[in-house]
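Here is a short briefing on side-chain pairs. Please look at the sequence and the structure first.

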Amino acid sequence: MCCQCCMSKDSIRILQYNIQSGTSTDGMYSLEKTAGVINSVKPDLVAVQEIEIRCQKNCYDGSVAEKRRNADQPTELAALTNMRCVFESKTLQFGGEYGTAALTRLPLLAHKALHFKSWDTHHGSNLWYGKLPQVAVALKVHPQGWKKPIWFVSTHLGCDASGKEQDAELKEIFHFVGEQTQSEKAHIVIAGDFNLPSFYKAIKNLPKHGYQDCWSTATTRIPCPSALIPGATHPSNRPVVRLDYVIATRGLSVSEARVLDTTASDHLPLFVQLEEREGDGLLHLEPGQSRYAIKKEVTQGSNVINLKWQQNLLKRKADYRLYLCEEAGSSSGDTIPLFIQEGLELNYSDFAIDDGRFQFGCCGNFFLVLHKLKNKPYQDRFKQFLIEYKVFRGEEQSSFFGAIKNLEMTKSLVGEYLWDYSSVL
């Protein structure tokens, strides 16, 4: 669950932008135009891909303008945005340094670079184009008023059409930032051109690694007006696919996600505004602790929810009842949905989720499921029902997931499993 009282008053502004080396869709080079797009949202942190120092040709082996050939783009972009820039080159094959950068307006506490080890093992076949090594740039900052610092990672993943390379690279980043946060707890934000549509395994499995896709979990989402798919960032003149992402650990709440409308690059920038939760976004429960109470049943009488799905080549079905629960002792009025499979009972009014039977799902808000663990429907079955079904929160009638107005917006999330609490805590 997410309520305003659980959030920090201080927010930070993140921008993800593949700048195509300062070249717009009409082929004109203007780093000033790129900087203007960045400055328009006044970001605190910016992830930048396809940025270079004095490259003599582009990544397609084409010639470039003299101004671009002589440009030190990281230095110039830092000056144009009045931000500090940390750049890491990933290749010299274009006659200069070509790589990835991160900009910060916040005081820089530390920075590191990661050159992916999976380069040699994931460039075999089925590539969209070219073979380029990839890197990640990580900055440590501590926003004013926040309890924890942030490790902010800018990256550009590979172009394997199977998605295996990108999946391996993301796992390297997760391990890398995990090492940085072993001795000190910190929030993690990873932004980049992932070169992956949202239906790929690496994106759908983000919650299993403790990350949220900020576009999907944002309270307010504003797509590019010309986008055929909400959240699409490529190509910029007619966006049809999501390739650019900002992902974050659960201790951060996403108040806004917005795709900017500009043709200053072939990618659209993705803007995200984050707040720090007082907790970490998970429900931490101690054994024997009574934390939730059933407030009311939504499915009355014989009105049950019948779910059908296919699992292990078998067609399965189960009936569930939907209840609304509230945290014991809370006066906020916030509720959380609880699905209970027919034939199972809660024999107490206040319950703790500590007996291994409960599972959870999330999409901006948590929901719980109590059912036979060997018979698990996919998470989207419950999510689709909640989005389609109107429930009451206090006196206000609204879709439970707020900003998610229709089912199409959740298609990228289909296929996520429910997980035991014990596998996350």
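D213 has a relative accessibility of 8%, so D213 counts as buried (under 20% relative accessible area; exposed is over 50%, partly exposed in between; 1.4 Å probe, protein chains only). This is a predicted model: local features need pLDDT of at least 70, side-chain atom pairs count only at pLDDT 80 or more, and totals for chains, interfaces and linings use all residues. Residues are numbered from 1 along each chain as its sequence is written, and side-chain values use heavy atoms, with hydrogens and water left out.

**The R242 and D213 pair**

- A search of the whole structure finds eight salt bridges (a side-chain nitrogen of Lys or Arg within 4 Å of a carboxyl oxygen of Asp or Glu).
- One of them joins R242 and D213, with the closest N and O atoms 2.9 Å apart.
- R242 sits in the loop between strand 10 and strand 11, and D213 in strand 9 (residues 211-213), so the pair ties together parts that are 29 residues apart in sequence.
- Strands (E, at least two residues) and helices (H or I, at least four) are DSSP runs, numbered from the N terminus.
- R242 is buried too, at 5% relative accessibility.

**The network around R321**

- Salt bridges link E297, R321 and E342 in a network.
- E297 and R321 meet at 2.9 Å, N to O.
- E297 lies in strand 14 (residues 292-297) and R321 in strand 16 (residues 314-327), so this pair connects parts 24 residues apart in sequence.
- E342 and R321 meet at 3.0 Å, N to O.
- E342 is in the loop between strand 17 (336-341) and strand 18 (350-351), and R321 is in strand 16, so this pair ties together parts 21 residues apart in sequence.
- R321 is buried at 15% relative accessibility.
- E297 is partly exposed at 21%, and E342 is partly exposed at 36%.

**Aromatic pairs**

- There are four aromatic pairs (ring centres of Phe, Tyr and Trp, its six-membered ring, within 6.5 Å; planes under 30 degrees apart are stacked, over 60 edge-to-face, the rest tilted).
- F94 and Y98 form an edge-to-face pair, 5.1 Å centre to centre, with 85° between the planes.
- Both F94 and Y98 are buried.
- F194 and Y245 have ring centres 5.1 Å apart and planes at 20°, so this pair is stacked.
- F194 lies in the loop between strand 8 (187-193) and helix 5 (201-204), and Y245 in strand 11 (residues 244-249), so the pair ties together parts 51 residues apart in sequence.
- F194 is buried at 0% relative accessible area, and Y245 is buried at 0% relative accessibility.
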